[in-house]
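Take a look at the model below.

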Amino acid sequence: MQPVDLLTSTPNGLFSPLGGFFIDPLRPVERTLITHAHSDHARPGHRAVMATRETLEIMAVRCGEGFAGATQVAVPGERQEINGVAVTFVPAGHVLGSAQIVVEAHGTRIVVSGDYKRARDPTCAPYELVPCDIFITEATFGLPVFRHPDAGSEIRKLLASLRVFPDRAHLVGVYALGKAQRVIALLREAGYDRPIHVHGALERLCALYAAQGVALGEIRKVTPGRSRGIDPAFAGEIVLCPPGQIQDLWTRRFPDPLSSFASGWMRVRARARQRGVELPLVISDHCDWDGLTETIRETGASEVWVTHGEEDALVHWCGTLGIKARPLHLVGYGDEEEALTPPPQEAQELR
Ligand SMILES: [Zn+2]
Ligand SMILES: [Zn+2]
């Protein structure tokens, strides 16, 4: 058996010829495993989906109950056989329910990381390292310039701004799945106990996280008001909304809004300027350069495949260490809401 019999890259994503399943495919297939519920990985319309319970629940919330023909829960750490291929889901530390997928047959072990991070996150199970022969990694922030600061220190910047500008509504752009809940949980850890206001598109996922035992405190949905005037009740309050909504009409009701955005991309000043972000918060749910390179080293993999992102820099780095590496140039993956339209249910709420 060659490794490409166990797993290979196709235009529709990673596919196991031996197992007869895809992983995070771009178009609907008969059978797939899904690493996590971000819209660039978890698309509706597959015949059979295996994923963690949380991922399946999030997909149902985002895409509707009928998002797949059949679903099967993968319990993290539990091995299952699919056509002679052993498959194990292992926490990836990216968002609630996110998993790496370990596939093994005839003594070869390949780990598909999906999206992952090593930084602490109170809203999901931490990344677990799995030694392997071939490690398949993302490279969203795969350039040495990307070094994410401690998320707690970024949250303190937001709290400091609230003290300096007690009359301004603080609007924070956050991705609906993962980032919103992490920012809220970090605010709570930092002792912020006022109600946190959220755009309607974030409400259901916050409720889902809370139901899974993630402490988010009091969340208040901002109802889309038709009133014209500015609402003074939002002075000095934190309002979370999808990144695309910050410049929207929606925000006209907030007193002297201060625009913030929590994303790994805020490390790039030009991006913050382009978006008119006054208070960039560098908070990422992906590994930075050190996280990626340390993880590759720790897996002990003799071969690395890079799915998407800054593939070339990471492939080059592997080469300098004598690790065989190749870019897969998988298209269609990216920083979900930025690169792609939001999932159907959320798109509705954004209107
Ligand atoms: Zn993701
Ligand atoms: Zn992704």
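This report covers a metal site and then the nonpolar cores of a predicted model.

**The zinc site**

Start with the zinc ion (ligand 1). Its protein donors are His36 (NE2), His38 (ND1), His94 (NE2) and Asp115 (OD). They lie 2.1 to 2.3 Å from the ion. Along the chain, these donors follow the spacing H-x1-H-x55-H-x20-D. The pair His36 and His94 links distant parts of the chain, 58 residues apart. Each of the two sits in a loop between strands, as the table shows.

| Residue | Loop between | Relative accessible area |
|---|---|---|
| His36 | strand S4 (31-33) and strand S5 (46-51) | 1% |
| His94 | strand S8 (85-91) and strand S9 (99-105) | 1% |

Buried means under 20% relative accessible area. Histidine 36 has 1%, so it counts as buried. Histidine 94 also has 1%, so it is buried too.

**The nonpolar cores**

In soluble globular proteins, nonpolar side chains tend to be buried together. Here the largest nonpolar core has 46 residues. Val172, Val174, Val183, Leu187, Ile238 and Leu240 touch the most other members. Helix H4 (residues 179-189) gives the most to this core, with six residues.

Which residues does valine 183 touch, leaving out those up to four places away in sequence? They are Ile155, Val174, Leu240, Ala262 and Ile283.

A second core is separate and has 25 residues, including Met50, Ile82, Ile110 and Leu330.

Notes: Residues are numbered from 1 along each chain as its sequence is written. Chains are lettered from A and ligands numbered from 1 in the order in which they are written. This is a predicted model: local features need pLDDT of at least 70, side-chain atom pairs count only at pLDDT 80 or more; totals for chains, interfaces and linings use all residues. Side-chain values use heavy atoms; hydrogens and water are left out. Donors are N, O and S atoms within 2.8 Å of the metal (3.2 Å for Na, K and Ca); water is not among the atoms, so sites may look incomplete. Helices (H or I, at least four residues) and strands (E, at least two) are DSSP runs, numbered from the N terminus. Buried means under 20% relative accessible area, exposed over 50%, partly exposed in between (1.4 Å probe, protein chains only). A nonpolar core is a set of buried Ala, Val, Leu, Ile, Met, Phe, Trp, Tyr and Cys residues joined through side-chain atoms within 4.5 Å. Contact means heavy atoms within 4.5 Å.
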